[in-house]
Amino acid sequence: MSKNINAVVYEKHGNPADVLHVKSRPWPTPTSGEAVVKMCAAPINPADLNQIEGKYPVRPELPATPGFEGAGVVVDLGAGVKGLTSGALVILPHNIGTWRDALAVKAEDLVVVPEEIEPVHAAMLKINPMTAWRLLHDYVDLEQEDWLIQNAANSAVGRAVIQIAREPGYRTVNVVRRSELIDELRAEGGNAVIVDGENLRDEVKNATGGAPIRLGLNAVGGESALRLANCLAFGGTLVSFGAMSLQPLKIPTGLLIFKDLRFRGIWINKWYDNATPAQRMDAFQSLFEMAKRGLLKTKVEKAYPLSEAKAAVAHAAQGKRSGKIIFEFGE
Ligand SMILES: NC(=O)c1ccc[n+]([C@@H]2O[C@H](COP(=O)([O-])OP(=O)(O)OC[C@H]3O[C@@H](n4cnc5c(N)ncnc54)[C@H](OP(=O)(O)O)[C@@H]3O)[C@@H](O)[C@H]2O)c1
């Protein structure tokens, strides 16, 4: 095993492609209760870029290694580690920096992945599919055939929402900003796929036959979020979890007075912090059960080696991608 690893590091906040460097670091040694994980795959999510830019609520001590999620294989165990074996594929916790070849982590924070699930698949279950799961289970009690509406429907979260919603038979209105995604998202199970625009409310009414929509999921903000809110039924709930347009959410008073809409938000990191180990495991079991059936596979546009971190983050910052940009780690 190599004596050194490569790690992506930044010493100051700024444009990721400018401030990231790849540095050599000593191979990690586990202390008591820790396991060394050799990374297999780690995606570049919008939150990773925001954190490097200094625009995220959690600012790590600098220098720092980015990467909120990923999966790897346990290769070494410190003293006193129980219930974990060398060779296990595991999902890493957040706030440890996954963009490095290997790292020592508290063993109790690792989630062991069933062997039917591939490393790249496992590497992208913790943030986006888990957020989708929580969005569909924690806010509005939906019943079979109920409708919900979401924007950025082709995002990793959006595609997971489509798949998770299908399990109990919820129906999805999927709002996108590109017409070329309509057939693809319909094929993935989206009941209605509509290009965002001024006529959204009428087009949604046509698609749903005017059925009430009690849950809206907003990852865009600005005018798009307002159009989503305008599609909701009296007493409906809009859950915001992203602001891809970088525009603020402006809520007209009428939506509160005359429609009694509820506005909520979710930050999945907080959910993990507050969940008991049993709640976390329960939630992962539900995702694993779907993943074993080939579901919740986040699409990948391109995999980069860690040595090309600058090109990778520049690519990830581009819109209109066909999937995630990820790091894959060599032998
Ligand atoms: N709150 C939480 O805990 C939490 C958890 C997970 C994710 N998120 C957030 O959820 C959002 C989606 O994350 P993801 O990883 O699923 O995204 P992703 O797969 O990287 O996809 C990005 C999505 O945003 C759309 N988009 C980008 N710029 C846009 C704009 N100006 N207007 C409208 N749409 C735009 C893209 O559409 P095109 O394909 O057309 O470019 C695409 O659908 C992000 O904001 C992320 O930070 C939050």
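In the predicted model, Asp48 is found in helix α2, which covers residues 46–53. The relative accessibility of Asp48 is 2%, and because buried means under 20% relative accessible area, Asp48 counts as buried. When residues up to four places away in sequence are not counted, Asp48 touches Pro43, Gly67, Phe68 and Trp99. Glu69 stands 21 residues from Asp48 in sequence, and the two C-alpha atoms are 9.3 Å apart in space.

The loop that runs between α2 and β4 (71–77) holds Pro63, and the peptide bond that joins Leu62 and Pro63 is cis, with an omega of about 0 degrees.

Glu145, in the loop between α4 and β8 (147–150), has a phi near 75 degrees, which is a positive value in a residue other than glycine. With a relative accessibility of 47%, Glu145 counts as partly exposed. Ala152, which lies in the loop between β8 and α5, likewise has a positive phi although this residue is not glycine, the value being near 45 degrees. At 17% relative accessibility, Ala152 counts as buried.

Helix α4 (residues 128–137) takes part in a contact with helix α11 (residues 277–292), and the axes of the two helices come within 11 Å and cross at roughly 110 degrees. Angles of 65 to 115 degrees count as roughly perpendicular, and α4 and α11 are therefore roughly perpendicular to each other. The crossing in which α4 passes α11 is right-handed. On the side of α4 the contact is made by Pro129, Met130, Trp133 and Arg134, and on the side of α11 by Ala283, Phe284, Ser286, Leu287 and Met290. Sorted by class, the residues of this contact between α4 and α11 are seven nonpolar, one polar and one charged.

Helix α4 also meets helix α5 (residues 156–166), and here the axes come within 8 Å and cross at roughly 50 degrees. As α4 passes α5, the crossing is right-handed. The residues of α4 that take part are Asn128, Pro129, Ala132, Trp133, Leu135, Leu136 and His137, and they meet Ala156, Val157, Ala160, Val161, Ile164 and Ala165 in α5. By class, the contact of α4 with α5 comprises eleven nonpolar and two polar residues, with no charged residues. Pro129 and Trp133 of α4 are named in the contact with α11 and also in the contact with α5.

Helix α8, which spans residues 222–230, is mostly covered, since seven of its nine residues are buried. The buried residues in α8 are Gly222, Ser224, Ala225, Leu226, Arg227, Leu228 and Ala229.

For the protein as a whole, the model contains twelve helices and 15 strands. The radius of gyration is 20 Å, close to the 20 Å that the globule rule gives for 331 residues, so the protein is as compact as a globular protein of that length. Along its principal axes, the C-alpha trace spans about 65 × 40 × 35 Å. Of the 331 residues, 51% count as buried. Among the contacts with a separation of 6 or more, 68% are accounted for by residues 24 or more positions apart.

Technical notes
Residues numbered from 1 in each chain as written. Predicted model: local features only at pLDDT ≥ 70, side-chain atom pairs only at ≥ 80, totals over all residues. Heavy atoms only, no water. Axes fitted to C-alpha atoms, helices over the stretch in contact; angles between N-to-C directions. Helix = DSSP H or I, 4+ residues; strand = E, 2+ residues; numbered from the N terminus. Parallel < 35°, antiparallel > 145°, perpendicular 65-115°, else oblique. Left-handed = near helix turned anticlockwise from the far one by under 90°. Contact = heavy atoms within 4.5 Å. Nonpolar A, V, L, I, M, F, W, Y, C, P; charged D, E, K, R; others polar. Rg over C-alpha atoms; globule rule 2.2 N^0.38 Å. Buried < 20%, exposed > 50% of the residue type's maximum accessible area, 1.4 Å probe, protein only.
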